[in-house]
Amino acid sequence: PLSKLFVDEIQPKTTGGVVGITGHVLQVKYFQLTTSQITPYPTTNTDMAIPNFTVNITPKSTSSIIKLEANIMFESANTTENIMWFFYRNTTKLGNTQPSSGSRKLGISPTVIGYSSVDNDSTPEFATLTYFDTPSSTSSIDYKLGVTAVGTSNLFINRTGTDTDTVARERGVSFISVTEIGG
């Protein structure tokens, strides 16, 4: 019955000594970069954490769901349509878990492309990721934004490759956030 569902939603739930409401936000942590950052991508086809894009959280309950979100604006001389983005939980890569017997990249989201190859220094790309994690832990966790690409190059975060002060050289904001939801 509908009234039963409503009552269940508003009743406090005690898990691991924490009183919370199932489905409600228990805490939010984030890192937001409002300046530019140049990050070298030194090794082809190798998973790498993006420096600074780390959020530490200590879940309040072992039954919590952790919602991870990130948006990154960047430019790279790499073949950007072959860049794959994902998250790490400490050192564990989160994303598509199907085995790959070849060179297929696994992650959460590819880069969104809005340029032709002649614009690879003046038209930024972006990636938006969301992932739900169930770490079953009340220990401190570092969540990080990760990337893998087919070439070596710099990632120009929050700016274009050529960063001259003209109308065609945009700058933006990137972030990673972690939301604990009572489970």
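Notes on the source. The model is predicted, so I take local features at pLDDT of at least 70 and side-chain atom pairs at pLDDT 80 or more, while totals for chains, interfaces and linings use all residues. Residues are numbered from 1 along each chain as its sequence is written, and side-chain values use heavy atoms, with hydrogens and water left out.

Entry: overall make-up. I find one helix and 13 strands in the chain; these are DSSP runs numbered from the N terminus, helices being H or I with at least four residues and strands E with at least two. Of the 183 residues, 39% are buried (under 20% relative accessible area; exposed is over 50%, partly exposed in between; 1.4 Å probe, protein chains only). The chain exposes about 9,600 Å², and carbon and sulfur atoms supply 53% of that area. Accessible areas come from the Shrake-Rupley method with a 1.4 Å probe, and for residues only the protein chains shown count as cover.

Entry: core. I looked up the largest nonpolar core, which has 27 residues. Such a core is a set of buried Ala, Val, Leu, Ile, Met, Phe, Trp, Tyr and Cys residues joined through side-chain atoms within 4.5 Å. Ile50, Trp85 and Leu145 have the most contacts inside it. Elements giving two or more residues to this core include β5 (48-57), β7 (84-89) and β11 (141-148). For Leu145 I set aside neighbours within four places in sequence; among its remaining contacts are Ile50, Phe53, Trp85, Leu129 and Ile176.

Entry: strand β7. Which strands does it pair with? I counted six antiparallel bridges to β11, three to β8, also antiparallel, and two to β9 (residues 109-110), again antiparallel. Two strands pair if DSSP finds at least two bridges between them. Phe86 has Gly146 as its bridge partner in β11, Tyr88 has Lys93 in β8, and Trp85 stands opposite Ser109 in β9. β7 and β8 form a hairpin with two residues between them, and Asn90 in the turn has a positive phi of about 55°. Five of the six residues of β7 are buried, so the strand is largely enclosed by the rest of the structure.

Entry: salt bridges. How many does a search of the whole structure find? I get three, each a side-chain nitrogen of Lys or Arg within 4 Å of a carboxyl oxygen of Asp or Glu.

- Asp133 and Arg89 have their closest N and O atoms 2.7 Å apart. The pair links β10 to β7, 44 residues apart. Asp133 is buried at 4%, whereas Arg89 is partly exposed at 22%.
- Asp47 and Lys93 come to 3.2 Å. Asp47 lies in the loop between β4 (37-41) and β5 and Lys93 in β8, so the pair ties together parts 46 residues apart in sequence. Asp47 is partly exposed at 35%, and Lys93 is partly exposed at 30%.
- Glu69 and Lys67 come to 3.7 Å. Glu69 is partly exposed at 25%, and Lys67 is partly exposed at 24%.

Entry: a loop. Thr62 is in the loop between β5 and β6 and is partly exposed at 41% relative accessibility. I find its C-alpha 4.7 Å from that of Ser137, although the two are 75 residues apart in sequence.

Key
Contact means heavy atoms within 4.5 Å.
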